[in-house]
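Me: Please take a close look at one part of this model. I care about the charged pairs along the helices.

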Amino acid sequence: MGSTVLSLRIDGELLDRLRQHAAKRGMSVQDYVVRTLIRDDFDERFKTSVEETEKFYGVA
């Protein structure tokens, strides 16, 4: 899998908060944002999987 550049324009306050959260975890802002996006994507896929399973088996 290759990488692609995504450019975002965010305000200074948000960037400061992202820096603080990333620093608490010993991460760069870029790594922190990417991990957050990956986690949210996983959560969404898991939720969809559960819903599809419930549809297939029927909700008790």
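Reply: Start with D41 and R45: both sit in helix α2, 4 residues apart, about one turn of the helix. Helices here are DSSP runs of H or I with at least four residues, numbered from the N terminus. This is a predicted model: local features need pLDDT of at least 70, side-chain atom pairs count only at pLDDT 80 or more, and totals for chains, interfaces and linings use all residues. Residues are numbered from 1 along each chain as its sequence is written, and side-chain values use heavy atoms, leaving out hydrogens and water.

D41 and R45 form a salt bridge, with the closest N and O atoms 3.0 Å apart. The term requires a side-chain nitrogen of Lys or Arg within 4 Å of a carboxyl oxygen of Asp or Glu. By this rule the count is 3 salt bridges. D41 is partly exposed, at 40% relative accessibility. The classes are buried under 20% relative accessible area, exposed over 50%, and partly exposed in between (1.4 Å probe, protein chains only).

Helix α2 also holds E52 and K55, 3 residues apart, or about one helical turn. E52 bridges to K55 with closest N and O atoms 3.4 Å apart. E52 is partly exposed at 42%, whereas K55 is exposed at 62%.

In helix α1, R19 and D16 are 3 residues apart, again about one helical turn. Their salt bridge has closest N and O atoms 3.6 Å apart. R19 is partly exposed at 46%, and D16 is partly exposed at 40%.

An α-helix has 3.6 residues a turn, so residues three or four places apart point the same way.

Note on methods. Helices (H or I, at least four residues) and strands (E, at least two) are DSSP runs, numbered from the N terminus.
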